[in-house]
Amino acid sequence: MGSKNRLNKGKQNEVNINTSNNFEKNTEITEKRTSEDREMGDGAPAECELKEHSEVTNLRLEGKPIQSYYLNIKIDVVLIALLLLALCTRLYNLSEPHYIVFDELHYGRYVSLYTKGVFFFDAHPPLGKQLLYLAGRAAGYDGNFTFDRIGSPYNEGVPVKALRLLPAISGSLIVPLTYQLMLEFNTFQWTAILAALLVLFENSFLTQSRFMLLESIQILFGMCGIYCVIKSTRSRSISAVLWLAFGAMSLGCCFSVKYSGLYTYYLAIFLVGRQMWKKLSQKDSCLWLTISTVWRFLTFIIIPLSVYVGVFYIHLAMLPKAGPHDSVMTSAFQATLQGGLASITRGQPLHVAHGSQITLRHSHGRTCWLHSHAHVYPVRYADGRGSSHQQQVTCYSFKDVNNWWIVKRPERAALAVGSPPDVIRHGDTVQLLHGITSRALNSHDVAAPVSPQSQEVSCYIDYNVSMSAQNLWRVEIVNREEERATWDGIRSQVRLVHAGSGAALRYTGRQLPAWGFHQHEVVADRALDHRDVLWNVEEHRYTKAEDRRERERELVSAEMIPTSVPQLSFWQKFVELQYKMAAHAADAPLGHMFASEPLDWPLLVRSIAYWLSPDSNAQVHLIGNLVTWYSGTVSVVLYAALLALYAMRSRRACEDLPSYAAQKFEDAGFVLFLGYWIHYLPYFFMDRTLFLHHYLPAYMFKLLLLAFVIDHIFLVLNIRRSTRSLNNVFLVGVSVWMAYILITFKKFSILSFGNSDLTETDLLSLRWKDTWDFILHKKG
């Protein structure tokens with residue numbers, strides 16, 4: 001052994017000597033070439049050459065490589081393969097069917113209005129619609145197609161493929177993103193591939209990605225945000241900052257597409273908070289922990305909100321023209337739009353004065369105008385209560401001649417506006433005469449018809465009984481800039497307080513019975529700070545005639561025009577639009593033939609018919625892959641059971657999992673299990689029409705949880721020697737299950753592509769549940 005070591009050592013020395021000799025020879029050659037180069041120059045040795053040569057020689061003598069710049073590119077072949085598979089399914093025959101499919105009706109209209117710069121109102125943020133507009137603009141869409149009804153054919157001027165391309169690409173990118181996200185949970189690579197395939201072969205995701213719809217865009221932004229946040233929690237220094245900034249931006253985009261994206265944002269906030277909670281157990285100083293917490297939460301608040309506000313800034317800048325949705329907004333907002341109220345305000349009076357003819361518009365929530373007509377309240381209501389039997393006062397949602405009122409000083413009889421006008425100011429007491437009936441706005445200590453806790457509001461009729469008129473109202477300008485501010489048309493928000501009782505004129509939002517023509521109730525309410533007591537003057541003109549009949553002719557022939565062109569800042573418009581969107585969401589209509597309830601979703605009780613061919617049984621349905629759908633529901637129950645089991649056994653000091661496996665199980669629970677419930681539970685508390693597609697963000701987390709539960713079972717089988725022999729059986733079972741998923745996906749994909757005529761037998765073979773609403777054309 002000793003001789004052998006010495007022999008090896010001798011050989012090693014010999015190699016080192018040879019290497020040294022070779023290096024000396026190379027050095028001599030280099031010096032010779034440098035000398036020759038100098039001889040070809042000015043003959044003097046260059047200082048920089050000697051220095052450079054010395055540095056190179058020193059690097060080589062020390063065995064250090066010479067520094068250079070390299071570009072190393074790593075390509076994940078699996079990720080690329082998953083992306084290509086997703087693109088093949090999502091982009092295939094994308095322009096078919098060449099008809100309006102389900103909510104393409106609405107989003108297509110919005111794209112057209114963006115193209116023409118016409119203002120529109122929608123209850124959801126505009127980012128998704130803006131992205132669709134950009135796709136249409138890039139393809140040369142002129143916005144002239146009328147999206148009139150579902151099933152209408154597109155004409156040649158509509159770039160259908162381009163408009164559907166962005167959702168299709170978004171739906172495709174979700175597949176490789178799923179693979180990357182599962183790898184972040186330290187799952188086996190085959191589990192990450194399995195999760196991606198579950199998303200790839202999910203029929204509901206396929207359908208939602210192939211049309212001009214927003215769910216795939218929202219889910220992509222949301223999952224990208226969660227992925228970046230998880231990367232941030234596992235990174236340090238500048239890398240953590242960048243990942244968190246990217247995640248915050250993506251999540252801001254998520255809830256700027258649809259407000260349901262806020263649930264993903266809340267989940268991400270929880271993950272960051274959990275990270276900071278863990279840091280409390282470390283030995284960092286309090287100052288460092290405070291700084292670390294503050295910058296994270298500032299990043300997570302400022303960036304998403306900046307994205308959200310920026311999206312609305314672009315939205316308002318793109319829509320300068322008046323359109324069909326203007327009436328939702330306040331008069332001041334409408335007056336800022338080109339071609340709307342602003343185009344007909346020239347020459348109209350600004351200040352409300354004695355003798356002004358006005359319409360009073362409710363300033364918040366539902367659009368309606370203070371209204372009266374010759375009909376009176378019934379003597380007794382259905383519950384037996386008595387009324388004042390005075391003339392009805394309501395809030396009417398349409399412009400009508402009975403919306404006109406005349407402002408009058410109590411001590412003056414003549415109604416014509418003098419010169420100069422007797423301007424009404426904050427704090428003045430006035431009477432409001434109904435323009436057509438000439439009766440004064442009044443309130444008595446009588447319970448209102450639908451809201452008996454408030455006072456009835458009427459127009460006074462003198463019945464020669466003991467009930468005298470109480471028709472004085474104090475004008476309080478809420479948004480005044482000075483104490484004696486003038487009451488101005490459009491821009492002044494006023495509260496009309498009844499002088500006799502101190503109650504304010506209020507819109508309640510409740511509808512009157514048939515005797516009130518189902519118009520909305522107006523009352524006098526003592527809650528002066530309520531938002532529904534605010535009104536503003538919209539139409540405005542000065543009374544010229546003293547004769548009542550001539551005055552009535554003026555009112556009947558009067559144009560419904562406002563008074564001035566106020567300048568609203570972006571922030572004023574932004575705040576108003578946020579309020580209107582919130583109020584409109586609460587007013588959403590109820591009932592739809594394909595609506596479903598949250599309890600129906602985990603078991604896929606209802607599908608949605610998106611489109612039916614006019615001349616065949618080819619159709620598009622939003623329907624899920626029933627195998628993964630039910631497996632996912634089982635996985636939620638199984639994870640919850642395992643979570644409870646591990647928690648109870650841990651309390652009894654029984655550790656079933658190694659620390660790394662327990663940590664992985666916990667991490668997945670905080671992201672996937674919690675993510676599912678955060679996206680699902682809120683819908684149980686919504687009083688609005690719901691559809692199956694509202695479940696898709698929650699279902700995304702459920703699919704990932706399904707893959708993780710499979711991964712966890714495989715890991716548990718590997719931990720113990722006694723169960724390792726079951727691994728192969730388990731993998732075979734998973735393979736068979738996956739094959740069945742693929743078969744089901746292929747079978748139902750004809751309902752995603754909508755390019756195959758189906759017979760009655762075909763439809764019946766696809767109707768695996770009696771509650772699925774398939775549609776059949778009877779052929780003669």
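Buried means under 20% relative accessible area, exposed means over 50%, and partly exposed lies in between (1.4 Å probe, protein chains only). This is a predicted model, in which local features need pLDDT of at least 70, side-chain atom pairs count only at pLDDT 80 or more, and totals for chains, interfaces and linings use all residues. Residues are numbered from 1 along each chain as its sequence is written, and side-chain values use heavy atoms, with hydrogens and water left out.

**Overall fold**

- The protein has 780 residues, and 50% of them are buried.
- Its secondary structure comes to 21 helices and 14 strands. Helices (H or I, at least four residues) and strands (E, at least two) are DSSP runs, numbered from the N terminus.
- Contact means heavy atoms within 4.5 Å. Among contacts between residues at least 6 apart in sequence, 75% join residues at least 24 apart.
- The accessible surface is about 37,400 Å², and carbon and sulfur atoms hold 58% of it. Accessible areas come from the Shrake-Rupley method with a 1.4 Å probe; for residues, only the protein chains shown count as cover.

**Aromatic pairs**

- The structure holds 55 aromatic pairs. Rings of Phe, Tyr and Trp (its six-membered ring) pair if their centres lie within 6.5 Å; planes under 30 degrees apart count as stacked, over 60 as edge-to-face and the rest as tilted.
- One of these pairs is F102 with F691, which is edge-to-face at 6.2 Å centre to centre, with 80 degrees between the planes.
- F102 lies in the loop between α3 (77-91) and α4 (104-116), and F691 in the loop between α17 (659-680) and α18 (696-719), so the pair ties together parts that are 589 residues apart in sequence.
- Both F102 and F691 are buried.
- Y695 and Y699 have ring centres 6.1 Å apart and planes at 25 degrees, so this pair is stacked.
- Y695 counts as buried because its relative accessibility is 1%. Y699 is buried too, at 0%.

**Charges over rings**

- A charge sits over a ring if NZ of Lys or CZ of Arg is within 6 Å of the ring centre and within 35 degrees of the ring normal.
- K573 places its charged end over the ring of F333, 5.6 Å from the centre.
- K664 lies over the face of F188, 5.5 Å from the ring centre.

**Nonpolar surface patch**

- L71, I73, I75, V77, I80 and L84 make a nonpolar surface patch of about 680 Å².
- Patches are made of residues with over 30% relative accessible area and no salt bridge: like charges are joined within 9 Å, nonpolar side chains (Val, Leu, Ile, Met, Phe, Trp, Tyr) within 5 Å. A salt bridge is a side-chain nitrogen of Lys or Arg within 4 Å of a carboxyl oxygen of Asp or Glu.
- L84, one of the patch residues, lies in helix α3.

Contacts listed here leave aside residues up to four places away in sequence.

- T744 is in helix α19 (residues 727-748). T744 counts as buried, at 1% relative accessibility. It touches N203, N625, L626, V627 and W768.
- S112 is in helix α4. S112 is buried, with a relative accessible area of 6%. Its contacts are Y141, G143, F145 and F147.
- L674 is in helix α17. L674 is partly exposed, with a relative accessible area of 27%. Its contacts are L267, F270 and G669.
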